[in-house]
Amino acid sequence: MIDNLIAQPTGYAYSANMLLQEVLLLFAREQSIADTFRHTELNNILIYMHKNIDKPFRIDELVKKSGLSRTSFFKRFRSITGLSPSSYILKLKLESAKASLDTTNMSVKEIASSLHFYDEFHFSKLFKRSYGLSPSAFRRLKNSGQQHVTL
């Protein structure tokens, strides 16, 4: 596709137009499929969770914000994310911690505290269970230049 656009052969405009239409059709099809399975009333909850990762969460507050019954909230949340709200929050916090370990000089204790884990030992145990390495070992591995390892 890129080669066709760069070379600009005869019929370039037509070819580019057709490729653009194919891409737009793919996006439209994807959006249509997503809308079928999406519960838009939880969009604001998910956005809130991502924006406030550094704050403690109470599931009951999220249920209340959604305006749904507790049962509906849990059922719809799982259908969107594939996880329970608690598991989703934990995964979100661990991904944030992984990024912090990779991009900052914050200590493991500081990262655990900033993400409201019970303590650094609890955080380390959860991190190791999810990624197979302790937070310190993960940081050492990343800093040693072995970027090819995907966790």
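**Figure 1. Helices α6, α7 and α8 around the buried residues of α9.** What covers the buried residues of α9 includes α6 (85-103), α7 (108-114) and α8 (120-131). In this predicted model, helix α9 spans residues 135-143, and its buried residues are Pro-135, Ala-137, Phe-138, Arg-139, Leu-141 and Lys-142.

**Figure 2. The largest nonpolar core of the protein.** This core comprises 28 residues, and those with the most contacts inside it are Met-49, Leu-62, Phe-73 and Phe-123. At least two core residues come from each of α3 (43-51), α4 (59-66), α5 (70-81), α6, α7 and α8, and the greatest contribution is that of α6, which gives six residues.

**Figure 3. The surroundings of Met-49.** Leaving aside residues up to four places away in sequence, Met-49 touches Phe-57, Leu-62, Phe-77, Pro-85, Tyr-88, Ile-89 and Leu-92. One of these partners, Leu-62, is listed with Met-49 among the residues that have the most contacts inside the largest nonpolar core.

**Figure 4. The whole chain, as context for the close-up views.** The protein contains nine helices and zero strands, so that its pattern along the sequence reads α-α-α-α-α-α-α-α-α. Of its 151 residues, 27% are buried, while the protein exposes about 10,400 Å², of which carbon and sulfur atoms supply 55%. Among contacts between residues at least 6 apart in sequence, 50% join residues at least 24 apart.

How values were computed
Residues are numbered from 1 along each chain as its sequence is written. This is a predicted model: local features need pLDDT of at least 70, side-chain atom pairs count only at pLDDT 80 or more; totals for chains, interfaces and linings use all residues. Side-chain values use heavy atoms; hydrogens and water are left out. Buried means under 20% relative accessible area, exposed over 50%, partly exposed in between (1.4 Å probe, protein chains only). Helices (H or I, at least four residues) and strands (E, at least two) are DSSP runs, numbered from the N terminus. Contact means heavy atoms within 4.5 Å. Accessible areas come from the Shrake-Rupley method with a 1.4 Å probe; for residues, only the protein chains shown count as cover. A nonpolar core is a set of buried Ala, Val, Leu, Ile, Met, Phe, Trp, Tyr and Cys residues joined through side-chain atoms within 4.5 Å.
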